[in-house]
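This report looks at how side chains pack and pair in one protein. Please keep the sequence and the 3D view open while reading.

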Amino acid sequence: MTLTQYTHRLRGPGLRSAATAGIGAAAGLTAAAGLLLVRKAATISKVGEGHPLKHRALDLAAGVMQPKYPIDAMSTYLNGFHMYADDMGRQVEATHFCVHLRHDLHQCVIFDRNAPDARLIGIEYIISEDRFRGLPEDEKRLWHSHHYEVTSGILTAPGIPDMAEHAYFEDLVTTYGKTFHTWQYDRDDFPYGIPQLMMGFTQDGQAADEMIQDRDERLGLSTTHKRQNRADIPVPDVAPGANAWESGRSVQTRVEETVFKR
């Protein structure tokens, strides 16, 4: 075959098909980008009720034009429940948005719900078992295990198919979390006070059934189904030092006046 013949074949139907596919892909990406901008604008328009028109216009422009890399990197949406580290009776729903920052570390921002006007209520760091075992003993008191949260179905990834969620939680079941809530929204509709240490549930009968049922109905989930689906996930023993509250003693933050250093 001569070079001329080969070039002629490249100009045939195969090349036209590839070009058409490339143009189609580009058009699809352009359309997707346009839809994202429209959705972004629509989302921003739902918040800021009572703001002056000037502020609303500035918020809309900033939301569409400014890159927000840490926010864009948050790929995982989890829904679960926390209790205050010093009071099991205070239980709240927690909507997490997380990024897998390193192989042994996730970082999450926590809201009261998944909505444009959701209240930012806290943060959580999630680490591997190896990293947890290497922590100082005093530091371990701040961390809780995820073993029960995963196997019980209480912790979920809404909208993810069972098979994919199962694979994700196979890894998460061995992890540990340190969580502080900055907004005690179970008491006030304003972020009063100082950050509070939170913990996770470790066995049946601790989390309020009505709280779980309300979540399931609202998000179209079944905690019972998820529990059954995860029954085959291997669960190691909880590493010593986690879930310090189970000893009957816990730690919690408080305000303390001190000398200002110049």
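## Charges over rings

The charged end of Lys-140 is placed over the ring of Phe-132, at 5.7 Å from the ring centre, and the charged end of Arg-119 sits over the ring of Trp-183, 5.6 Å from its centre. A charge sits over a ring here if NZ of Lys or CZ of Arg is within 6 Å of the ring centre and within 35 degrees of the ring normal.

The model is predicted, and local features need pLDDT of at least 70, side-chain atom pairs count only at pLDDT 80 or more, while totals for chains, interfaces and linings use all residues. Residues are numbered from 1 along each chain as its sequence is written, and side-chain values use heavy atoms, with hydrogens and water left out.

## Aromatic pairs

The structure holds 5 aromatic pairs, where rings of Phe, Tyr and Trp (its six-membered ring) pair if their centres lie within 6.5 Å, and planes under 30 degrees apart count as stacked, over 60 as edge-to-face and the rest as tilted. The ring centres of Tyr-77 and Phe-97 are 5.3 Å apart with their planes at 20°, so this pair is stacked. The pair links distant parts of the chain, with Tyr-77 in strand β1 and Phe-97 in strand β2, 20 residues apart; strands (E, at least two residues) and helices (H or I, at least four) are DSSP runs, numbered from the N terminus.

Phe-190 and Tyr-192 form a tilted pair, 4.9 Å centre to centre and with 55° between the planes. Ring pairs also link Tyr-77, Phe-97 and Phe-111 into a cluster.

## The disulfide

The count comes to 1 disulfide, a term that stands for a pair of cysteine sulfur atoms within 2.5 Å. Cys-98 and Cys-108 form this bond, with their sulfur atoms 2.1 Å apart, and the torsion about the S-S bond is about 105°, so the disulfide is right-handed. Because Cys-98 lies in strand β2 (residues 87-102) and Cys-108 in strand β3 (residues 105-111), the pair ties together parts that are 10 residues apart in sequence.

Cys-98 counts as buried at 1% relative accessibility, and Cys-108 is buried with a relative accessible area of 4%; buried means under 20% relative accessible area, exposed over 50%, and partly exposed in between (1.4 Å probe, protein chains only).

## Nonpolar cores

The largest nonpolar core has 13 residues, and those with the most contacts inside it are Phe-81, Ile-154, Met-199, Phe-201 and Ala-207. A nonpolar core is a set of buried Ala, Val, Leu, Ile, Met, Phe, Trp, Tyr and Cys residues joined through side-chain atoms within 4.5 Å. A second, separate core of 11 residues includes Cys-98, Cys-108, Ala-157 and Phe-169.
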